Structures are given as C-alpha cells and as structure tokens.
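Hello,

Here is the structure I promised to pass on. Please have a look, then read my notes below.

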Amino acid sequence: MTRIFAFAVACALSLLAGGAAAEEGPLRDGTIGYVMTNLFWSVYQTEDAKEECPRGFNDGPREQFEKLFPDHRGMTVEETQLLKETETWLPTAEPDGFPFFEVEGRHSWGMNLDGETGPNDFIHPESGAEGIDNEVYRAVGCIIGFRGPDGVEFIFQDKAIIDERYNRMMIELAGVDDLANDDEVTVTLYRGLDTLLTDGTGLKVMPGGSQRVDHRWGESLIRKTKGRIVDSVLTTEPIPEVVIPWQNLSVPSIHLFRDFRFRLDLRAEGATGIVAGYADVDTWYKQLIRNDSTHHLSNGQISGVSLYKALRRLADAYPDPDTGANTAISTALNVKLTQVFIVHPDQG
Amino acid sequence: MKSWCNARRAGNGALLTITWLAFAPAGHAEYSLSGPVEAWVDEPMPPGFQVFPSELEGPVFADSQGRTLYEWPLHKQRNGYSGESPGTPACYDDVLTVTAGLMSPYPAGILLPDLDNRPSCTDLWPPVLATIDARPVGRWSIVGRRDGSRQWAYRDQPLYTSSLDREPGDVFGGQNNDAGGDDPAYRVPIGPAPRVPPGFSVRSTRKGRLLTTDKNESVYAFDGDSATATACRDECTQKWRPLPAPALAHGGGDWTMLERSPGFHQWVFRGQPLYDYLLDQESWSQQGNDEPGWRNVYTQLAPSLPESFTVQPTIAGDVLADSRGMTIYVYNCGDDSQDQLSCDHPDDTQVYRLAMCGGGDWRVCLDNWPYVRAAEGAIGSSRTWRVVTIDPQTGHFADPKAPGALRVWAYRDRPVYTYAGDRNPGDVNGGGIGEWRGQRNGLRAFWLRDDFMRGGL
C-alpha cells in the first residue's frame, strides 16, 4: 500500500503543480468527477420502528430452523440442513408457512419512478411528495440486517464500497457551466481502477484524489445520460439499464437496474442523494445470497427463502411476456460521492 | 539433489525436461512434464522419502512408494476448530455419524449422509507410519498414535497420504491455494522450499507457480530485456521497479544478476531481469500484464488447457470458459463432521452436490449445472486436465461403456460445470452459489486472473 500511496501523492502533486491549475478547483473545462463512497438501500427508519414495523421484525434462518426442527438430533442432513439450503438456492414463490412482516408505514425515501400515484406508493418523509416507488423497502424494512446502524447488510454492503475496487463506480459531469444551475449536463458512469484517497485514518475519503477509468474490465459498465442542475440539485434522465458491480463479501456479483436515475445535491467537494430505478428481482436475490450465504443471512435475521417470496410478491415492473409476473422491483439507494479527478487513457 | 529424474538442458538453458521413468512403479505408464520446472532446496529426509515435481503444486514430498505427503493443519471454523495441532494426530479409523456444528447456522448432532458407506478419516487419509527403528531427521519427527503406532511428522504436523492419488506426483488430495477463512479444514500437500533468493517466494495459481516477492507482490519480466542488458531505464523505472540484489548476493541455478549501473545489481531469473509494478493496486494484482511486453514470471507453468477451452474476460477478470465462452465452475465441498471429509470428488458422497444443484434430482442438476462434455476423441494431455466418464444419475465415475455414461472434462480429477444462469460469454452468475459462498458445498468460477478478489482464486 505504501507504494500506491506514494504514487497517489505524486499524482496529486503533479495535478497541483503550476499555480494556475491548482486555482481552477475541481471543475475544469466544464468537467467534474465524483466517486461513490457510500451506497445502500434507502430504508426509512423511525426511532422505535412502530410506524413501519408494528408487528416487529422477521425471523431469520436460525429462528426458522429451530421452529421447523426442534428435534433435529436423529434427523438427517438431507431432512434438515440440505432441505433449507435447497429452498434457498432453488427458490420458489410458493408460501413457506412463515409469516413475513412487510413495511406497513406510509413513508419512504425514494422517487416517483412511474410518474403516477397509486395505493401502494409511499410518501416522502421530508418533502411530502406522493407516489414514491420503493417496494424493496417494503420487503426489507422489517429485517434487522438491512437497518442501520448495525445491520449486517447495512455494515458490509456499504463498507465494501470503500474497501473494494471492484465496486469503484463514479460519475463524470461534462458540459457544466455552473454547479448551481445548468440546463443540460452530460453524465457518464464509469468504474475506476484505483484505491481511494483517504485521510490518515483510512476511513474518510478525501476529495482531490485521482481515478483512472477502467477500460480493461469495466468497458461494459459505461453508461451516458443527460441531466440538469437546479439550485445545486442534479437530476438525470433515466438510463434504460445499468449494471452496478457489487462485492460485499468476496463474491464478485452485480445488481441490474432499469430506468436508473440520480438525484444529487452537488458540491465541489462531493455529492449526496439517491439513485433509484427498478432492480431485477433474480439478480437482486442472487447477489445477496451468493455473498452472504446462510451464515451471514442468519446474523441479520434474513431468511433468504422468505425474502425471495416477498420480492416476487412485491415486484412491480417489467412483467415477463410469457407469465405476466413482474420481474423487477422499485428501489432507491442512498448514495454519497466524493470529488475525484477522473483520468482518461489519453491523459496518462 | 536426488537423481529422481532425467534432467537435461537445451538451447540457452531455459528448457528442462523431466521424465518420470525413474520412480514410476511397475505397471504405471510413462508420464512426462515438459518445460521448466521449479527447483527446490534439498534437505535431509527419512530413508526412502523423495521429492517429486507436480503439475500444480511444484515439488512435493512423497513416501518411499511415491505417494504425495499431506498435513492437516488446525483450521479455525466458525464454532470451533478442526484439523490437527502439532504433534497430535486426530485422524483415526472411527466412522463419525453426526455433524459437529462447526459452521453456523446449523447445529451439531445431525446425522451425516450415506452412513452405510461412510469412510473413516484413515480410509481416505492413511497415516504415514514409521518403522520401529525409524529415527527423526532434520524437520522430520515421529509422533505417537493412540494405538501405539508411530507416525511421521514434518515440522511436527502428522503426515498422511491420500486415497485419491494413484501415481507419483499426483496431488489430488488437496491444494495449497485453498485454506480461505471459511474453507473446510483441508489437507494440504507439503514440499521443500523453492530455490529462490531471500526476498522472493512462490505461490500456486491456476496459471502456474507464480514468482512473487516475499510481500506477495507478483514479479514481472520485460520482453525487451536480456540476462545482460535491460531496455527499462529512466522513465520506465517510474512504473517498474528493478528488484535489487544485495551487494554480497551470488547467483546459482536459475538465478543470476545484472549490474544495471555501477553498484546496483538486479535479480535475473532464467535470463529475465525482474521487476515489480508500482501501479499494481494490491499485493496480489497482476495489472502489469496489461502493459505491452510485460508479463508475470512463473517458476513452472500449469499444464495446458484443453484445446476446446477459451479464456473469457469478465467485469471481474479473466475466467476459464468452454468453447462457447461460457464460464467454467468447480464444485467445492467439505462436510461438517469433525473429520471435515471432502465431498467434492466423484468417489465421495454425492448427497450434498445433488441437493445444491437440483434439490436431490439429478435431472435438475444436469439442467442447472451441466457437465462440460468432452468432444469425441478428446483426451486429456495432463493429470490436471483429463477426460473422465461419469454416471449422471449417481455422480460417480462410470464404466466408459455403461449406458448413459457421459465423457466429461475433469480438473484435478473432479468434473467441471457450466451454469444455466449464465446467458452470455462473460457472465459469472454462478460463482459463490452454495453453502459458504460456494466454498463448502457449492461452486466457484475458474478464475485465471483476479485483480479484485484478494487473490483468492
């Protein structure tokens, strides 16, 4: 790591070399870059959870196993462990006999993805906007593993955004006249190749680092869309399909989103906001269980078996042309980004 | 060095051909490894013990009959330990019947599968017994077993052979690049230290025995260099750091030195000046290979891939793929008994695999995880890659003429698979499917280059 740090310092020094360039700030030639440093499912939580989860939280694999097999001694691996693993890895939408507590509150973070206001839509907790589409929240909001600050998914999925380069997604805004207001900017999604520039703790990502664009492995991840900035809030047009690399516990996997869009509060040194769209249900579920396996799911009281059925039940978009069953589910993620200088190949 | 092989050098000395005639027991076919092989440091051994080169693990120790030696190191599990403490054998002939609950979330005390046929630990791992008059030598000692017999140990770890190994140099019982945090307590082959200068090491990878620094940084060579001259100077050295040799160092064997400038000596391996790459992001990174003319250095290359196979770029690195470009997967399995017996080989119980791939239905398994079929006439060119015949209903090896038997490709004697959930070349949707991210009863992709996964391969 020392040699990488030295290289990063050299890069930073070279970028700062020459007083004129240093005074330009991060917006240069109408272009500014940001790298993701936090990304996690938007879960609206009240202090005692009574509003969203009046019936409490869901059971996980350990609790379900004890209820199913109170006398497991004398039973076989096939009748117990492998039965549950089969249900996890070859899931069906059929009921599993356990109650599943969906979010029952009216509020949720997110966006109105379909432009409509329906009976299943949420209300934005701050703006009061109606029509918020976030059925992933309805599925996971009463599972403790998805709730902050100590849920296993909340910790590990978000932590991986900083730790793993595989997840190093970033956006570049081009054609920017003014970070406060601009009728049209171009937003390009890239993956970066480099570790992040942090402070001495290694935990806080600092603005001003550099990231090379990953054209080696990440070419297929590049997406481009248009956006507009109003009062320092960037809103983009939906991107038809986006693949986000996602590796929280050592298995390189992906999330697949349709109609993917950003709404970000922009600053020169960073941005915060949400991304939203429709997540492919099978990809969403497989990403979770491939990285977590039943052990980590258990630590968050996440029954993969029960959750899959909920995701299928709550899926609200992109019906399968043959079966009519929806294949995608509305969602939103809280995102934080830190300003970074994006280095393209011709920039050395 | 023991005269275990017929070694000769050709051309500039880079090619060393090994022929296995000398120690191949009667009835075993001649077997050849061509290309440079890894040199090792000689050390005193018990009488009759030997060193054999292997295809993937480099040189390994073997007993007097040429059987590769393994140890079973203590391995921390989620709820306890399995394996052996130094000096304390734990592998015996008891047939264990229930799970140990070592890995959450499932509790102990559940009946293990196929109990009528379940082997004991020593059925699969015969201990390497020492005669009554055997004496310790060097790092080799003798430990007592509970029946009073004496067992050889290396660095105090009791030693075993594997029931899966058939010929000298076979290492089907275990690998050195397993032993991840949540892996089963694997048995691992042991071998002599590689003959490399201080500051270097060697690591087993799917491509071969990778030369690294002692900090696990992969080492590179440049096509424009020679043993006596380097083309990498000035600006080049801002990204490529010549690996310095101490002033008092002297070469030997495959190793020489190049004096780049007065007083600065650079290590040279088989005529190639060595560097590391300053832009490698992690210690295991191999990104320097993307620079024209630069490549990693191996003490020994892994056997060639089957001709019909391809290498497929993905968003996570290079993966091995079949002729259509579809990702190839390897099944991994270790049970939750205190013995941690393997369940990933066709000779093992198939209960775990059939549950994971098809809910116990072999037909569903064939749909979800089809074997990689071998073309008619295809044969393996190595012990690492060979064509085997499988009964798809049982998952066990089958007579080639048995009805319904399939000819499939096997890696290390275990069939490989593709995944029905992969739609296009470059998809790796099956990696990590199964218990413990595919490490204990599941499948992992066959990665050939890994820039993102901590070198786990």
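Which residue in β32(B) does D318(B) stand opposite? D318(B) faces R449(B). Please bear in mind that this is a predicted model.

The sheet

That pair belongs to an open sheet in chain B, with three strands in the order β24-β25-β32 and antiparallel pairing. β24 and β32 of chain B are the edge strands, each pairing on one side only. On average, neighbouring strands of this sheet are turned by 20 degrees against each other, direction ignored.

Start with β24(B), residues 310-314. Five bridges tie this strand to β25(B), and the two run antiparallel. T314(B) has G317(B) in β25(B) as its bridge partner.

Now the other side. β25(B) pairs with β32(B), residues 447-450, again in the antiparallel sense, over three bridges. Here V319(B) has W447(B) as its bridge partner.

How many residues of strand β25(B) are buried? Five of its five are, across residues 317-321, so the strand counts as mostly covered.

The helix

Helix α2 of chain B spans residues 351-358. This helix is mostly covered too, with eight of its eight residues buried. Among them are R353(B), Y352(B), M356(B) and C357(B). The list also includes V351(B), L354(B), A355(B) and G358(B).

Best wishes

Conventions
Residues are numbered from 1 along each chain as its sequence is written. Chains are lettered from A and ligands numbered from 1 in the order in which they are written. This is a predicted model: local features need pLDDT of at least 70, side-chain atom pairs count only at pLDDT 80 or more; totals for chains, interfaces and linings use all residues. Side-chain values use heavy atoms; hydrogens and water are left out. Buried means under 20% relative accessible area, exposed over 50%, partly exposed in between (1.4 Å probe, protein chains only). Helices (H or I, at least four residues) and strands (E, at least two) are DSSP runs, numbered from the N terminus. Two strands pair if DSSP finds at least two bridges between them. Axes are lines fitted to C-alpha atoms, for helices over the stretch in contact, and angles run from 0 to 180 degrees between N-to-C directions.
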